[in-house]
Amino acid sequence: MKKDSPLIIYPLLVIAMIFWSFSFIWAKQALVSYNPITIIYLRTIVASVILFLILLVTRKRIKIRLKDLPIFIILAFFEPFLYFLGETNGLTRVDASTAGIIIGTIPLFTPIVAYIFLKEKITKLNIVGIVLSVVGVAIMTFDANLNMQVSPEGLMLLGVAILATLGYTVAVKKIPEEYSVFTITLYQNIIGSLLFLPLVIIFEKDNIMQTGFVWDSILPIIELGIFASAAAFVCYTYTLRYIPIARANIFTNLIPVFTLFLSAFLLGEEINIQKIIGITVVLTGVFVAQAKKRK
């Protein structure tokens, strides 16, 4: 089977979206005991250790060339540094399902960014799929009176996460293909942990010492590191080598769908008919955007 086969690409994208959907749940659980910066720093450490061990066991390339270091730093600045600051702090102000819905608007901006920076074409089916998906997200975001039920501060912080994702997708396209997706993800987490370290020392040292070891919050952090910071990025980065970012980021509209059900099942958040209709429209948009026009 070819490396760019849809039977490989699309399942990997769905797996990445499932792990990122779980990340909202795990982050909410971790926030019970620890502050956002502590959570983010620890998950990057967990991800770095896991990825380093994988590369060591498989004997894949670990070192990178010095001339490629700047693009890796830019990559890490967008994700995990900027993205996690926006997402995790945003989760202190909105519920998990709402955060997933807001993050699901990423495809609205992706084609514009891809066209400006990567000269990727925008097809009519892409546009139709994007519009449908955004309509579905809007249905789940607004109430019957068209009032947005979202904290302005939470919305702004999650907006930072959206911008970071767009920057990341452009930066990762600039990484030389000689590096494996495991190597790329390893360095973005190592550099990310170094970027967070000063913040941890300045703002979080006393809180960590006072809180100590709380297993009910440590376990979600480990899950965040293994699945959301390592496995999901490996899957997502792999797919970006073979399909345009506009098409790949359409799948982020699955995040509010998965998060809605996960938050209801694990956190007890409500599922109503409005959200179900929105989910149906979102899924329709995802399928339309992936369709190819027949000659």
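Arg-59 counts as exposed, because its relative accessibility is 78%, and this residue lies in the loop between H2 and H3. Its phi is near 60°, which is a positive value in a residue other than glycine. The model described here is a predicted one, and its secondary structure comes to 12 helices and zero strands.

**The chain as a whole**

- The radius of gyration of the chain is 19 Å, close to the 19 Å that the globule rule gives for 295 residues, so the chain is as compact as a globular protein of that length.
- Along its principal axes, the C-alpha trace of the chain spans about 55 × 45 × 30 Å.
- Of the 295 residues in the chain, 51% count as buried, while the accessible surface comes to about 14200 Å², with 69% of that area belonging to carbon and sulfur atoms.
- When contacts between residues at least 6 apart in sequence are considered, 89% of them join residues at least 24 apart.
- The chain carries 24 positive and 16 negative side chains, and the centres of these two sets lie 17 Å apart.

**Nonpolar cores**

- The largest nonpolar core holds 81 residues, and those that touch the most other members are Leu-13, Met-17, Trp-20, Phe-72, Ile-103 and Tyr-236.
- Apart from this core lies another one, made up of seven residues, among them Val-137, Met-140, Leu-260 and Ile-279.
- If residues up to four places away in sequence are not counted, Met-17 touches Tyr-236, Phe-251, Thr-252, Leu-254, Ile-255 and Phe-258.
- In soluble globular proteins, nonpolar side chains tend to be buried together.

- Helix H4, which covers residues 96–103, is mostly covered, since eight of its eight residues are buried.
- The buried residues of H4 include Ala-96 and Ser-97, and also Ile-101, Ile-102 and Ile-103.
- Ser-263 has its place in helix H11, which runs over residues 254–267, and Ser-263 counts as buried because its relative accessibility is 0%.
- Leaving aside its neighbours within four places in sequence, Ser-263 is in contact with Ala-96 and Ser-97, as well as with Ile-25, Gly-268 and Glu-269.

- Gln-188 is found in helix H8, residues 181–211, and Gln-188 is buried, with a relative accessible area of 1%.
- Not counting residues up to four places away in sequence, Gln-188 touches Glu-79 and Pro-80, together with Leu-75, Ala-76, Tyr-168 and Phe-233.
- Glu-79 and Pro-80 are joined by a cis peptide bond, for which omega is about 20°, and Pro-80 is found in helix H3.
- Most residues other than glycine have a negative phi, and most peptide bonds are trans.
- Gln-188 and Ser-229 are 41 residues apart in sequence, and in space they are 9.6 Å apart from C-alpha to C-alpha.

**Asp-68 in a loop**

- Asp-68 lies in the loop between helix H2 (36–58) and helix H3 (69–90), which is also where Arg-59 lies, between H2 and H3.
- Whereas Arg-59 counts as exposed at 78% relative accessibility, Asp-68 counts as buried at 8%.
- Asp-68 touches Pro-176 and Tyr-179, when residues up to four places away in sequence are not counted.

Definitions and conventions
Residues numbered from 1 in each chain as written. Predicted model: local features only at pLDDT ≥ 70, side-chain atom pairs only at ≥ 80, totals over all residues. Heavy atoms only, no water. Helix = DSSP H or I, 4+ residues; strand = E, 2+ residues; numbered from the N terminus. Rg over C-alpha atoms; globule rule 2.2 N^0.38 Å. Buried < 20%, exposed > 50% of the residue type's maximum accessible area, 1.4 Å probe, protein only. Contact = heavy atoms within 4.5 Å. Areas by Shrake-Rupley, 256 points an atom, 1.4 Å probe, with all protein chains shown as cover. Lys, Arg positive; Asp, Glu negative; His and termini not counted. Charge placed at Lys NZ, Arg CZ, Asp CG, Glu CD. Core = buried A, V, L, I, M, F, W, Y, C linked by side-chain atoms within 4.5 Å.
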